[in-house]
Amino acid sequence: MTEETQKWTEHKMLQPRIEKVVVNLNIGKSGEPLEKATRVLEEISGQTPYKAKAKKSIRDWGVREGEPIACVVTLRREKGIIFLKKVLPVIDNKISKRSFDEIGNFAFGLKEHIDIPGVKYDPEIGIFGMDVCVAVNRPGQRIKTRRKQTKHIGKNHMLTPEESIEFVRQTLGVEIV
């Protein structure tokens, strides 16, 4: 048992947890391709995605401001862990150490959604890639980001990348390269 693991068992408020998993499927245009992507994301995640709109117009790409160009789904706690256990074998259960940010969150991408176990290729739909972003934190860290009465969190309570790596290694069985 490592020092961090022992600390987590002694103090429940120090135990890291997966707060949410955000899956983003960016298409770049609205219409039929976006509807297909929405169906794929709903099938994979089991949740209805919302459509993200373009923040600004880009004439060369044919994108107008306010036009829906991506679909996103947020999976919290248990649903997020179940989704990660389904998706991590696609990347051989390996995450780069560079994928972790300074507060312990991490992200990775999938080139093809058909690599996920249980998903069949449909020629009418096509193949989509997606980004998966995972927020890892400790209980009590929400007070730093909430809208009403935000408070400062002590340096000792903030999650470090090393602690996050150890937690992900233990919880999901991921190899860090």
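These legends accompany close-up views of a predicted model.

**View 1. The largest pocket and its lining.** The largest pocket has a volume of about 400 Å³. Its lining is made up of 17 residues. Nearest the centre of the pocket lie Glu 19, Asn 137, Gln 141, Arg 142 and Thr 145. Two strands, E1 (17–26) and E6 (130–137), each supply at least two residues of the lining. By residue class, the lining holds 8 charged, 5 nonpolar and 4 polar residues.

**View 2. Glu 19 in strand E1.** Glu 19 sits in strand E1 and is among the residues nearest the centre of the largest pocket. Is Glu 19 buried or exposed? Its relative accessibility is 18%, which is under the 20% limit, so Glu 19 counts as buried. The side chains of Glu 19 and Arg 77 are joined by a polar contact of 3.3 Å. Leaving out residues up to four places away in sequence, Glu 19 touches Arg 76, Arg 77, Ala 135 and Asn 137. Asn 137 is also one of the residues nearest the pocket centre.

**View 3. The largest nonpolar core.** This core has 39 residues. Ile 18, Val 21 and Leu 84 have the most contacts inside it. Which elements give two or more residues to the core? They are strands E1, E3 (68–76), E5 (106–110) and E6, together with helices H2 (32–45), H3 (77–87) and H4 (161–172). Helix H2 gives the most, with 5 residues.

**View 4. Ile 18 and its contacts.** Ile 18 is one of the core residues with the most contacts inside the core. Neighbours within four places in sequence are set aside here. Ile 18 is then in contact with Arg 77, Ile 81, Leu 84, Val 134, Ala 135, Val 136, Phe 167 and Leu 172. Leu 84, in this list, is another of the residues with the most contacts inside the core.

**View 5. Asp 92 in the loop between H3 and E4.** Asp 92 is found in the loop between helix H3 and strand E4 (94–95). Its phi is positive, about 60 degrees, although Asp 92 is not a glycine. Asp 92 has a relative accessible area of 56%, over the 50% limit, and is therefore exposed.

**View 6. Gln 149 in the loop between E6 and H4.** Gln 149 is found in the loop between strand E6 and helix H4. Phi of Gln 149 is near 55 degrees, a positive value in a residue other than glycine. The relative accessibility of Gln 149 is 57%, so the residue counts as exposed.

Methods. Residues numbered from 1 in each chain as written. Predicted model: local features only at pLDDT ≥ 70, side-chain atom pairs only at ≥ 80, totals over all residues. Heavy atoms only, no water. 1 Å grid on protein atoms, 1.4 Å probe; cavity = no way out; pocket = protein on both sides within 12 Å on 5 of 7 lines; lining within 4 Å. Points joined across faces, edges and corners; volume = space filled by probe spheres on them. Helix = DSSP H or I, 4+ residues; strand = E, 2+ residues; numbered from the N terminus. Nonpolar A, V, L, I, M, F, W, Y, C, P; charged D, E, K, R; others polar. Core = buried A, V, L, I, M, F, W, Y, C linked by side-chain atoms within 4.5 Å. Buried < 20%, exposed > 50% of the residue type's maximum accessible area, 1.4 Å probe, protein only. Contact = heavy atoms within 4.5 Å. Polar contact = N/O pair within 3.5 Å; in protein donor to acceptor, adjacent residues only side chain to side chain.
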